[in-house]
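Please walk me through this structure, from the chain as a whole to its helices, cores and charged pairs.

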Amino acid sequence: MKRALLRVTATLAGVCLLAGCGHGGGRQSRQGGAHAGSIPTATAKPATIHPKLSISGIIAPYQNVMLTNNLPEPTDSVNVNEGDRVTKGEVLAVLNTADLQAQYESAQHTASSDSSKADQAVFSAQQTIDQAPNTVSTAREALNQSQSNLNQANADLARDRSLESQGYLSAQSLQTQQTLANVYTANVRSNQAALNSAVISQRTNGNLQQGLQASTIAAARQDAASAQADARNLSAQISRATIVSPVDGIVVNRNLNPGEYPGSRTIFVVQQDDPVFAELNASSSDVFRVHAGAPVALTIPGQPNARYQGSTIGVLGQVSPGSTNFTVKVLVRNTKGALAAGLPVTGVIALPSASGVGIPVTAFLDDSHTSVMIDKDGTAARTSVREVANDGTTSIVEGLKSGATVISNGQLGITAGEDLEDGP
(Lines give C-alpha, C1' and ligand atoms only; values in the text may rest on other atoms or scores of the structure.)
Protein backbone atom coordinates (compact mmCIF):
# COMPACT_ATOMS: atom_id res chain seq x y z
CA MET A 1 0.00 0.00 0.00
CA LYS A 2 1.35 3.41 -0.92
CA ARG A 3 2.53 5.78 1.83
CA ALA A 4 -0.48 7.19 3.65
CA LEU A 5 -1.05 10.91 4.12
CA LEU A 6 -0.48 12.73 7.42
CA ARG A 7 -3.55 13.85 9.26
CA VAL A 8 -4.15 17.60 8.98
CA THR A 9 -5.16 19.29 12.20
CA ALA A 10 -8.09 21.64 12.55
CA THR A 11 -5.69 24.59 12.74
CA LEU A 12 -4.11 23.76 9.38
CA ALA A 13 -7.54 23.29 7.90
CA GLY A 14 -8.31 26.87 9.03
CA VAL A 15 -5.14 28.10 7.34
CA CYS A 16 -6.22 26.34 4.22
CA LEU A 17 -9.52 28.16 4.19
CA LEU A 18 -7.80 31.56 4.68
CA ALA A 19 -5.36 30.72 1.87
CA GLY A 20 -8.17 29.94 -0.54
CA CYS A 21 -7.76 26.13 -0.95
CA GLY A 22 -9.20 24.69 -4.11
CA HIS A 23 -10.60 21.35 -5.17
CA GLY A 24 -13.37 21.35 -2.62
CA GLY A 25 -11.07 21.60 0.40
CA GLY A 26 -8.44 19.13 -0.80
CA ARG A 27 -8.01 15.57 -1.88
CA GLN A 28 -9.60 12.82 0.28
CA SER A 29 -7.80 9.54 1.15
CA ARG A 30 -9.98 6.47 1.04
CA GLN A 31 -7.79 4.52 3.49
CA GLY A 32 -6.68 5.69 6.94
CA GLY A 33 -3.04 5.99 8.01
CA ALA A 34 -0.36 8.52 8.77
CA HIS A 35 -1.73 10.96 6.11
CA ALA A 36 -5.41 10.23 6.64
CA GLY A 37 -7.47 13.39 5.93
CA SER A 38 -7.45 16.15 3.29
CA ILE A 39 -4.38 17.77 1.69
CA PRO A 40 -4.97 21.53 1.43
CA THR A 41 -4.39 22.86 -2.06
CA ALA A 42 -4.78 26.12 -3.91
CA THR A 43 -4.75 27.09 -7.55
CA ALA A 44 -2.01 29.47 -8.67
CA LYS A 45 -3.79 32.35 -10.40
CA PRO A 46 -3.28 35.99 -11.37
CA ALA A 47 -3.43 38.35 -8.41
CA THR A 48 -2.53 41.87 -7.36
CA ILE A 49 -1.36 42.53 -3.82
CA HIS A 50 -0.50 45.61 -1.79
CA PRO A 51 2.39 44.51 0.44
CA LYS A 52 3.43 46.28 3.62
CA LEU A 53 6.64 46.31 5.65
CA SER A 54 6.44 46.42 9.43
CA ILE A 55 9.63 47.59 11.19
CA SER A 56 10.37 49.25 14.52
CA GLY A 57 12.43 52.25 15.53
CA ILE A 58 12.41 55.38 17.68
CA ILE A 59 11.23 58.99 17.47
CA ALA A 60 13.88 61.67 16.84
CA PRO A 61 13.37 65.47 16.93
CA TYR A 62 13.10 67.38 13.70
CA GLN A 63 15.85 69.73 14.88
CA ASN A 64 18.07 69.73 17.93
CA VAL A 65 19.09 73.41 18.22
CA MET A 66 22.07 74.23 20.48
CA LEU A 67 22.28 77.91 21.39
CA THR A 68 25.47 79.75 22.33
CA ASN A 69 26.32 83.41 22.95
CA ASN A 70 29.85 84.81 23.18
CA LEU A 71 28.95 88.29 24.45
CA PRO A 72 31.14 89.10 27.48
CA GLU A 73 28.13 90.31 29.45
CA PRO A 74 26.50 88.95 32.64
CA THR A 75 23.01 87.45 32.58
CA ASP A 76 20.16 89.63 33.83
CA SER A 77 17.34 87.06 33.65
CA VAL A 78 16.51 83.51 32.51
CA ASN A 79 12.85 82.94 31.61
CA VAL A 80 12.62 79.19 30.96
CA ASN A 81 13.39 75.84 32.59
CA GLU A 82 14.03 72.41 31.16
CA GLY A 83 10.82 70.85 29.88
CA ASP A 84 9.18 74.18 29.05
CA ARG A 85 7.48 74.45 25.69
CA VAL A 86 8.52 77.57 23.78
CA THR A 87 7.54 79.24 20.52
CA LYS A 88 9.75 80.69 17.82
CA GLY A 89 10.94 84.15 18.88
CA GLU A 90 10.14 83.66 22.57
CA VAL A 91 12.71 85.27 24.91
CA LEU A 92 14.74 82.63 26.78
CA ALA A 93 17.20 84.92 28.57
CA VAL A 94 18.47 88.52 28.62
CA LEU A 95 22.06 89.69 29.20
CA ASN A 96 23.03 92.99 30.81
CA THR A 97 23.99 95.59 28.18
CA ALA A 98 24.49 98.80 30.19
CA ASP A 99 28.07 99.23 28.98
CA LEU A 100 27.15 98.40 25.40
CA GLN A 101 24.32 100.92 25.50
CA ALA A 102 26.72 103.66 26.63
CA GLN A 103 29.15 102.77 23.86
CA TYR A 104 26.31 102.76 21.35
CA GLU A 105 25.17 106.25 22.32
CA SER A 106 28.74 107.55 22.04
CA ALA A 107 29.13 105.89 18.64
CA GLN A 108 25.87 107.46 17.46
CA HIS A 109 27.12 110.92 18.50
CA THR A 110 30.42 110.37 16.67
CA ALA A 111 28.59 109.13 13.59
CA SER A 112 26.35 112.20 13.58
CA SER A 113 29.33 114.53 14.00
CA ASP A 114 31.32 112.82 11.25
CA SER A 115 28.32 112.93 8.95
CA SER A 116 28.09 116.70 9.47
CA LYS A 117 31.81 117.03 8.76
CA ALA A 118 31.37 115.10 5.56
CA ASP A 119 28.57 117.46 4.49
CA GLN A 120 30.79 120.47 5.32
CA ALA A 121 33.63 118.94 3.32
CA VAL A 122 31.35 118.71 0.29
CA PHE A 123 30.29 122.36 0.71
CA SER A 124 33.88 123.62 1.13
CA ALA A 125 35.10 121.54 -1.79
CA GLN A 126 32.35 122.91 -4.02
CA GLN A 127 33.30 126.47 -3.08
CA THR A 128 36.98 125.86 -3.79
CA ILE A 129 36.19 124.21 -7.11
CA ASP A 130 33.84 127.04 -8.12
CA GLN A 131 36.38 129.75 -7.19
CA ALA A 132 39.28 128.20 -9.13
CA PRO A 133 38.23 129.49 -12.61
CA ASN A 134 37.80 133.03 -11.24
CA THR A 135 41.24 132.94 -9.64
CA VAL A 136 42.81 131.81 -12.94
CA SER A 137 40.92 134.47 -14.85
CA THR A 138 41.99 137.23 -12.42
CA ALA A 139 45.63 136.11 -12.58
CA ARG A 140 45.52 136.06 -16.36
CA GLU A 141 44.07 139.59 -16.50
CA ALA A 142 46.78 140.85 -14.14
CA LEU A 143 49.44 139.27 -16.33
CA ASN A 144 47.97 140.80 -19.45
CA GLN A 145 47.84 144.23 -17.84
CA SER A 146 51.42 144.02 -16.58
CA GLN A 147 52.57 142.84 -20.00
CA SER A 148 50.81 145.81 -21.63
CA ASN A 149 52.43 148.19 -19.17
CA LEU A 150 55.84 146.66 -19.87
CA ASN A 151 55.35 146.98 -23.62
CA GLN A 152 54.47 150.69 -23.28
CA ALA A 153 57.43 151.29 -20.92
CA ASN A 154 59.85 149.62 -23.37
CA ALA A 155 58.51 151.72 -26.24
CA ASP A 156 58.91 154.90 -24.19
CA LEU A 157 62.42 153.83 -23.17
CA ALA A 158 63.46 153.37 -26.81
CA ARG A 159 62.14 156.84 -27.68
CA ASP A 160 63.89 158.47 -24.70
CA ARG A 161 67.20 156.91 -25.64
CA SER A 162 66.93 158.44 -29.11
CA LEU A 163 66.08 161.82 -27.66
CA GLU A 164 68.87 161.63 -25.08
CA SER A 165 71.43 160.80 -27.80
CA GLN A 166 70.31 163.90 -29.71
CA GLY A 167 70.59 166.07 -26.65
CA TYR A 168 66.86 166.63 -26.31
CA LEU A 169 66.46 164.64 -23.06
CA SER A 170 68.52 164.55 -19.96
CA ALA A 171 70.31 161.41 -18.76
CA GLN A 172 68.30 161.57 -15.51
CA SER A 173 65.00 161.36 -17.36
CA LEU A 174 66.29 158.40 -19.36
CA GLN A 175 67.28 156.67 -16.12
CA THR A 176 63.84 157.24 -14.68
CA GLN A 177 62.22 155.59 -17.71
CA GLN A 178 64.63 152.66 -17.47
CA THR A 179 63.66 152.13 -13.83
CA LEU A 180 59.95 152.13 -14.77
CA ALA A 181 60.57 149.49 -17.48
CA ASN A 182 62.41 147.32 -14.97
CA VAL A 183 59.47 147.53 -12.54
CA TYR A 184 57.00 146.44 -15.23
CA THR A 185 59.31 143.58 -16.18
CA ALA A 186 59.25 142.36 -12.57
CA ASN A 187 55.45 142.69 -12.50
CA VAL A 188 55.14 140.49 -15.58
CA ARG A 189 57.29 137.78 -13.99
CA SER A 190 55.28 137.94 -10.74
CA ASN A 191 51.92 137.83 -12.47
CA GLN A 192 53.04 134.96 -14.70
CA ALA A 193 54.00 132.96 -11.60
CA ALA A 194 50.61 133.75 -10.02
CA LEU A 195 48.79 132.53 -13.13
CA ASN A 196 50.82 129.32 -13.26
CA SER A 197 50.01 128.70 -9.58
CA ALA A 198 46.26 129.30 -10.15
CA VAL A 199 46.18 126.87 -13.08
CA ILE A 200 48.00 124.18 -11.10
CA SER A 201 45.71 124.70 -8.13
CA GLN A 202 42.63 124.38 -10.35
CA ARG A 203 43.97 121.18 -11.89
CA THR A 204 44.91 119.74 -8.49
CA ASN A 205 41.56 120.52 -6.86
CA GLY A 206 39.76 118.79 -9.72
CA ASN A 207 35.99 118.32 -9.27
CA LEU A 208 33.63 116.38 -6.98
CA GLN A 209 34.50 113.11 -8.72
CA GLN A 210 38.29 113.30 -8.85
CA GLY A 211 41.18 115.37 -7.59
CA LEU A 212 42.18 116.80 -4.20
CA GLN A 213 38.71 117.98 -3.22
CA ALA A 214 37.12 114.65 -4.20
CA SER A 215 39.70 112.87 -2.02
CA THR A 216 38.93 115.18 0.89
CA ILE A 217 35.22 114.44 0.54
CA ALA A 218 35.87 110.69 0.29
CA ALA A 219 37.98 110.72 3.45
CA ALA A 220 35.30 112.62 5.37
CA ARG A 221 32.60 110.26 4.16
CA GLN A 222 34.74 107.24 5.06
CA ASP A 223 35.10 108.56 8.60
CA ALA A 224 31.33 108.98 8.81
CA ALA A 225 30.69 105.50 7.39
CA SER A 226 33.14 103.94 9.84
CA ALA A 227 31.44 105.66 12.78
CA GLN A 228 28.04 104.50 11.53
CA ALA A 229 29.36 100.94 11.20
CA ASP A 230 30.59 101.05 14.80
CA ALA A 231 27.14 102.15 15.93
CA ARG A 232 25.45 99.37 13.93
CA ASN A 233 27.84 96.77 15.34
CA LEU A 234 27.07 97.86 18.90
CA SER A 235 23.35 97.81 18.10
CA ALA A 236 23.68 94.24 16.81
CA GLN A 237 25.51 93.19 19.97
CA ILE A 238 22.75 94.71 22.08
CA SER A 239 20.19 92.74 20.03
CA ARG A 240 22.12 89.52 20.58
CA ALA A 241 21.90 90.09 24.32
CA THR A 242 18.23 89.06 24.06
CA ILE A 243 18.38 85.30 23.49
CA VAL A 244 15.30 83.93 21.72
CA SER A 245 14.20 80.49 20.58
CA PRO A 246 14.71 79.97 16.83
CA VAL A 247 12.02 77.24 16.66
CA ASP A 248 8.83 76.00 18.28
CA GLY A 249 9.77 73.19 20.63
CA ILE A 250 10.82 72.04 24.07
CA VAL A 251 13.75 73.25 26.18
CA VAL A 252 15.68 70.05 26.92
CA ASN A 253 18.77 71.68 28.41
CA ARG A 254 19.35 74.94 30.31
CA ASN A 255 22.92 75.80 31.20
CA LEU A 256 22.66 79.48 32.20
CA ASN A 257 21.70 81.23 35.44
CA PRO A 258 21.31 84.92 36.36
CA GLY A 259 24.66 86.62 36.93
CA GLU A 260 26.62 84.09 34.86
CA TYR A 261 28.56 84.91 31.68
CA PRO A 262 27.62 82.71 28.70
CA GLY A 263 31.23 82.03 27.68
CA SER A 264 31.73 79.51 24.89
CA ARG A 265 29.46 76.75 26.23
CA THR A 266 26.02 75.69 24.99
CA ILE A 267 23.55 77.60 27.12
CA PHE A 268 20.25 76.17 25.81
CA VAL A 269 19.17 73.16 23.76
CA VAL A 270 15.73 73.39 22.13
CA GLN A 271 14.19 70.43 20.32
CA GLN A 272 11.73 71.13 17.55
CA ASP A 273 9.12 68.41 18.04
CA ASP A 274 6.56 69.12 15.31
CA PRO A 275 7.10 67.56 12.91
CA VAL A 276 9.34 64.74 14.14
CA PHE A 277 11.25 61.92 12.50
CA ALA A 278 10.63 58.23 13.04
CA GLU A 279 13.93 56.46 12.43
CA LEU A 280 13.02 52.87 11.61
CA ASN A 281 15.55 50.03 11.54
CA ALA A 282 15.58 48.16 8.23
CA SER A 283 17.63 45.30 6.82
CA SER A 284 19.46 45.45 3.52
CA SER A 285 16.70 43.41 1.86
CA ASP A 286 14.08 45.92 3.00
CA VAL A 287 15.70 49.07 1.64
CA PHE A 288 15.22 48.03 -1.99
CA ARG A 289 11.47 47.86 -1.43
CA VAL A 290 11.04 51.24 0.30
CA HIS A 291 10.67 54.35 -1.83
CA ALA A 292 10.59 58.02 -0.83
CA GLY A 293 7.10 59.35 -0.22
CA ALA A 294 5.61 55.99 0.77
CA PRO A 295 2.81 56.37 3.35
CA VAL A 296 3.60 55.04 6.82
CA ALA A 297 1.28 54.22 9.72
CA LEU A 298 2.96 54.50 13.13
CA THR A 299 1.83 52.91 16.36
CA ILE A 300 3.19 53.11 19.89
CA PRO A 301 3.68 49.82 21.78
CA GLY A 302 0.99 49.47 24.41
CA GLN A 303 -1.25 52.02 22.68
CA PRO A 304 -2.76 50.17 19.69
CA ASN A 305 -5.48 52.77 19.20
CA ALA A 306 -3.01 55.65 18.84
CA ARG A 307 -2.06 55.87 15.18
CA TYR A 308 -0.01 58.49 13.37
CA GLN A 309 0.39 59.00 9.65
CA GLY A 310 3.65 59.97 7.99
CA SER A 311 5.69 59.44 4.84
CA THR A 312 9.20 58.25 4.10
CA ILE A 313 11.73 60.88 3.11
CA GLY A 314 14.61 58.53 2.37
CA VAL A 315 16.76 55.60 3.38
CA LEU A 316 19.96 56.46 5.22
CA GLY A 317 23.24 54.57 4.77
CA GLN A 318 24.68 51.89 7.01
CA VAL A 319 24.05 52.40 10.70
CA SER A 320 27.70 51.49 11.26
CA PRO A 321 30.49 50.62 8.79
CA GLY A 322 30.26 47.02 7.66
CA SER A 323 26.73 46.46 8.99
CA THR A 324 23.72 45.40 6.97
CA ASN A 325 21.33 47.59 8.94
CA PHE A 326 19.87 50.75 7.45
CA THR A 327 17.56 53.51 8.68
CA VAL A 328 14.29 54.42 7.02
CA LYS A 329 13.53 58.04 7.91
CA VAL A 330 9.85 58.97 8.20
CA LEU A 331 8.45 62.49 8.61
CA VAL A 332 5.46 62.65 10.98
CA ARG A 333 3.32 65.53 12.25
CA ASN A 334 3.20 65.72 16.05
CA THR A 335 0.60 68.38 16.69
CA LYS A 336 -0.40 67.00 20.09
CA GLY A 337 3.19 66.43 21.24
CA ALA A 338 2.63 62.75 22.10
CA LEU A 339 5.62 61.55 20.03
CA ALA A 340 8.47 62.39 22.37
CA ALA A 341 12.09 61.96 21.28
CA GLY A 342 13.34 58.47 22.10
CA LEU A 343 9.86 56.91 22.14
CA PRO A 344 9.82 53.41 20.53
CA VAL A 345 7.38 53.03 17.62
CA THR A 346 6.40 50.52 14.98
CA GLY A 347 5.94 51.66 11.43
CA VAL A 348 3.93 49.92 8.73
CA ILE A 349 5.19 51.10 5.35
CA ALA A 350 3.06 50.72 2.24
CA LEU A 351 5.21 49.13 -0.47
CA PRO A 352 4.58 49.29 -4.22
CA SER A 353 1.79 46.98 -5.40
CA ALA A 354 2.76 43.81 -7.24
CA SER A 355 0.91 41.73 -9.84
CA GLY A 356 1.52 38.25 -11.20
CA VAL A 357 0.88 34.63 -10.30
CA GLY A 358 -0.36 34.43 -6.71
CA ILE A 359 -0.14 31.53 -4.23
CA PRO A 360 -0.68 31.29 -0.45
CA VAL A 361 2.28 32.43 1.66
CA THR A 362 1.92 29.16 3.62
CA ALA A 363 2.81 27.09 0.52
CA PHE A 364 6.58 27.67 0.79
CA LEU A 365 8.62 24.72 2.05
CA ASP A 366 11.01 26.86 4.15
CA ASP A 367 11.76 30.42 5.18
CA SER A 368 13.78 31.08 2.02
CA HIS A 369 10.52 31.15 0.01
CA THR A 370 12.22 29.57 -2.98
CA SER A 371 10.29 26.31 -3.49
CA VAL A 372 6.79 24.82 -3.25
CA MET A 373 5.12 21.45 -3.79
CA ILE A 374 2.60 21.11 -6.61
CA ASP A 375 0.19 18.35 -7.59
CA LYS A 376 1.47 17.04 -10.92
CA ASP A 377 -0.92 14.43 -12.22
CA GLY A 378 -1.53 13.10 -8.71
CA THR A 379 2.13 13.09 -7.70
CA ALA A 380 3.92 15.63 -5.50
CA ALA A 381 6.55 17.60 -7.42
CA ARG A 382 8.95 20.15 -5.95
CA THR A 383 9.15 23.37 -7.97
CA SER A 384 11.60 26.26 -7.58
CA VAL A 385 10.09 29.75 -7.58
CA ARG A 386 11.18 33.32 -6.90
CA GLU A 387 9.03 35.40 -4.60
CA VAL A 388 8.45 38.91 -5.93
CA ALA A 389 6.39 40.21 -3.01
CA ASN A 390 3.86 39.16 -0.41
CA ASP A 391 1.25 40.84 1.76
CA GLY A 392 1.35 38.24 4.54
CA THR A 393 -1.38 36.13 2.94
CA THR A 394 -0.64 35.93 -0.77
CA SER A 395 2.75 35.76 -2.50
CA ILE A 396 3.44 36.84 -6.07
CA VAL A 397 5.94 34.39 -7.56
CA GLU A 398 7.84 33.76 -10.76
CA GLY A 399 8.58 30.27 -12.10
CA LEU A 400 5.06 28.89 -11.68
CA LYS A 401 2.34 28.81 -14.32
CA SER A 402 -1.13 30.11 -13.63
CA GLY A 403 -3.52 27.21 -13.02
CA ALA A 404 -1.00 24.99 -11.25
CA THR A 405 -2.29 23.17 -8.14
CA VAL A 406 -0.13 24.06 -5.16
CA ILE A 407 0.03 22.28 -1.81
CA SER A 408 -1.01 25.30 0.28
CA ASN A 409 0.64 24.03 3.48
CA GLY A 410 4.34 23.53 2.86
CA GLN A 411 4.90 22.14 6.37
CA LEU A 412 3.03 18.82 5.89
CA GLY A 413 6.22 16.90 5.21
CA ILE A 414 5.16 15.76 1.75
CA THR A 415 8.14 14.72 -0.35
CA ALA A 416 8.74 14.89 -4.08
CA GLY A 417 7.38 11.82 -5.90
CA GLU A 418 4.82 11.03 -3.24
CA ASP A 419 1.51 9.75 -4.62
CA LEU A 420 -1.22 12.21 -3.79
CA GLU A 421 -4.05 10.05 -5.25
CA ASP A 422 -6.06 7.49 -3.33
CA GLY A 423 -4.45 4.02 -3.43
CA PRO A 424 -6.11 0.52 -3.47
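Here a residue is called buried when its relative accessible area is under 20%, exposed when it is over 50%, and partly exposed in between, using a 1.4 Å probe and protein chains only. The model is predicted, and local features need a pLDDT of at least 70, side-chain atom pairs count only at pLDDT 80 or more, and totals for chains, interfaces and linings use all residues. Residues are numbered from 1 along each chain as its sequence is written, and side-chain values use heavy atoms, with hydrogens and water left out.

The chain has 424 residues, and 37% of them are buried. It contains 5 helices and 19 strands; these are DSSP runs numbered from the N terminus, with helices being H or I of at least four residues and strands being E of at least two. A contact means heavy atoms within 4.5 Å. Of the contacts with a separation of 6 or more, 72% are between residues 24 or more positions apart. The chain exposes about 23,300 Å², with carbon and sulfur atoms supplying 50% of this area; accessible areas come from the Shrake-Rupley method with a 1.4 Å probe, and for residues only the protein chains shown count as cover.

Helix α3 covers residues 171-205. The expected span of a helix is 1.5 Å times one less than its number of residues. For the 35 residues of α3 this gives 51 Å, and the end C-alpha atoms are 51 Å apart, which agrees. The buried residues of α3 include L174, Q177, A181 and V188, and the buried residues of this helix pack against α2 (98-165) and α4 (212-240). Q177 has a relative accessible area of 12% and therefore counts as buried. Apart from neighbours within four places in sequence, Q177 contacts A153, D156, L157 and D160. Just after α3, G206 has a positive phi of about 65 degrees.

Side chains of opposite charge can pair when their charged atoms come close. A salt bridge is counted when a side-chain nitrogen of Lys or Arg is within 4 Å of a carboxyl oxygen of Asp or Glu, and the structure holds 6 of them. R159 pairs with D156, with the closest N and O atoms 3.8 Å apart. Both residues lie in helix α2, 3 residues apart, or about one turn of the helix. An α-helix has 3.6 residues a turn, so residues three or four places apart point the same way. D156 is buried at 18% relative accessible area, whereas R159 is partly exposed at 47%. D156, R159 and D160 are linked in a network of salt bridges.

Another salt bridge joins R85 to D273, with 2.8 Å between the closest N and O atoms. This pair links distant parts of the chain, since R85 is in strand β5 (residues 85-86) and D273 is in strand β9, 188 residues apart. D273 is buried, with a relative accessible area of 10%. Strand β9 also holds P275, and the peptide bond from D274 to P275 is cis, with omega near 0 degrees.

A nonpolar core is a set of buried Ala, Val, Leu, Ile, Met, Phe, Trp, Tyr and Cys residues joined through side-chain atoms within 4.5 Å. The largest such core has 23 residues, and those with the most contacts inside it are A278, L280, L298, V328, V332 and I349. Elements giving two or more residues to this core include β3 (52-67), β9 (268-283) and β11 (303-318). A second, separate core has 17 residues, among them V80, V247, L256 and I267.

Most residues other than glycine have a negative phi, and most peptide bonds are trans. H369 has a positive phi near 55 degrees and lies in the loop between β14 (354-360) and β15 (371-376). At 18% relative accessibility, H369 counts as buried. D377 also has a positive phi, of about 55 degrees, and lies in the loop between β15 and β16 (379-384). D377 is exposed, with a relative accessible area of 75%.
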